[in-house]
Amino acid sequence: MRLKGDLDGLIRLIRSSPDTSIRIEAALALGRMQTPRAIPELLRVLGDPDPRVVDASSQALEYIGRPAIRPLVEAFNSSDETIARWIHHTLERIGVAGAEDILGCTPGLNEAGEERVAYTLLSFGKPVLPHLIRALGNQDRRIARFAEAVLETDGREALPVLIEALDDPDEEIRSRVASLLIIFGEQIVPDLLASCAQDRDETRDLKFYIINEIGQPALEPLYDALKDSNPVTSSMALKVFMDLGDASIEPLIRGLYDENPGTRALSENALIRIGEPVVPYLIREIPMHREDDREVIESVLIRIGEPA
């Protein structure tokens, strides 16, 4: 095309040529120039009635890359659904490498813009998660809160990366990740316990804190973890039971009658170490069992009364 490199001439062609193929080539040529000056025109063409021209404009914006991200994201605020789909598609073309630039634009978005950006970020799948984790430590709290909301929306898909981030050197990231994991509730307890084996003491303590904050709903998965064949998981569950104190007593009493001898031993040991707070519970439990089954409870009561 003779107008290659002529920005104004290419824009005139896109706007006025009756030949679709020329308009397509003009849009692509603008993209190959990789000049930010072409971005407003290419954004305008995303609303063109001919989808072939729109696709060429989207591809041209991909060629321009990072400089096009902010204008694309800001256009989410006011675009109709058709143009918003093309913006989404263009950002997907630019790829997950642009995720941090996209996040950097979020403070200026309205509600519709935020929803569209969240959808775009989640469409990148697992590769976007490290970018979202890093954004939790952003000095702009609006960006950090937005990243937090997207991670919460992603749910269990984000869980392995969130648990790994509990060991992040940035205290702000660790704090926000811990808060998110508490929101996820009891579903995360098995994952927290299973990943404790290689943890630093500080990371393990943070996981215990999260489980303690989840509280009563964490008891059932903790009880199940007592039966885990991995000794690290079962011993960690035992430690959390002991830290929970009164709230953990009833599941541990049930553990005294579990089919698994290891679980029975762990439950007995935990009840003894919790000590006096379990005594009223155990006494109430005695009449509920046959005489030959009461020996287990009586043994625990005796051992609680023994001097350390």
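Let's start at His 289. His 289 is buried, with a relative accessible area of 17%. The cut-off for buried is under 20%, so 17% puts His 289 on the buried side. Keep in mind that this is a predicted model.

Where does His 289 sit? It lies in the loop between helix 19, residues 279-285, and helix 20, residues 294-305. What does His 289 touch, once neighbours within four places in sequence are set aside? Its contacts are Tyr 257, Arg 294 and Ile 297.

Stay with helix 19 for a moment. Ile 283 is found in this helix. Ile 283 has a relative accessibility of 47%, so it counts as partly exposed. Take Leu 271 as a reference point. Ile 283 and Leu 271 are 12 residues apart in sequence, and their C-alpha atoms are 13 Å apart in space.

Now look at Tyr 281 and Arg 284. Arg 284 lies over the face of the Tyr 281 ring, at 4.9 Å from the ring centre. How many aromatic pairs turn up in the whole structure? The search finds 0.

Next, the whole chain. The secondary structure comes to 20 helices and 0 strands. The radius of gyration is 29 Å, while the globule rule gives 19 Å for 308 residues, so the chain is more spread out than a compact globule. Along the principal axes, the C-alpha atoms fill a box of roughly 100 × 35 × 30 Å.

How much of the chain is buried? Of the 308 residues, 47% count as buried. The chain exposes about 15,500 Å². Carbon and sulfur atoms supply 49% of that area. Now the contacts with a separation of 6 or more. Residues 24 or more positions apart account for 63% of them.

Over to the N-terminal end. Helix 1 covers residues 7-16. Which of its residues are buried? They are Leu 7, Gly 9, Leu 10, Ile 11 and Ile 14. These buried residues pack against helix 2 and helix 3, the latter being residues 39-45.

Ser 17 comes next. Ser 17 lies in the loop between helix 1 and helix 2, residues 20-33. Is Ser 17 buried or exposed? Its relative accessible area is 14%, so Ser 17 is buried. A polar atom of the Ser 17 side chain lies 3.2 Å from the backbone nitrogen of Asp 19. Neighbours within four places aside, Ser 17 is in contact with Arg 12, Ile 22 and Arg 23.

Move along to the next loop. Gln 34 has its place between helix 2 and helix 3. Its phi is near 55°, a positive value in a residue other than glycine. Gln 34 has a relative accessible area of 51%. The cut-off for exposed is over 50%, so Gln 34 counts as exposed.

One more loop, and then I'm done. Gly 185 lies between helix 12, residues 171-184, and helix 13, residues 189-194. Gly 185 is buried, with a relative accessible area of 9%.

Ser 17 is buried at 14%. Gly 185 is buried at 9%. His 289, where we began, is buried at 17%.

How values were computed:
Residues are numbered from 1 along each chain as its sequence is written. This is a predicted model: local features need pLDDT of at least 70, side-chain atom pairs count only at pLDDT 80 or more; totals for chains, interfaces and linings use all residues. Side-chain values use heavy atoms; hydrogens and water are left out. Rings of Phe, Tyr and Trp (its six-membered ring) pair if their centres lie within 6.5 Å; planes under 30 degrees apart count as stacked, over 60 as edge-to-face and the rest as tilted. A charge sits over a ring if NZ of Lys or CZ of Arg is within 6 Å of the ring centre and within 35 degrees of the ring normal. Helices (H or I, at least four residues) and strands (E, at least two) are DSSP runs, numbered from the N terminus. Buried means under 20% relative accessible area, exposed over 50%, partly exposed in between (1.4 Å probe, protein chains only). A polar contact is a pair of N or O atoms within 3.5 Å; within protein, one must be able to donate a hydrogen and the other to accept it, and residues adjacent in sequence count only if both atoms are side-chain atoms. Contact means heavy atoms within 4.5 Å. The radius of gyration is taken over C-alpha atoms; the globule rule is 2.2 Å times the number of residues to the power 0.38. Accessible areas come from the Shrake-Rupley method with a 1.4 Å probe; for residues, only the protein chains shown count as cover.
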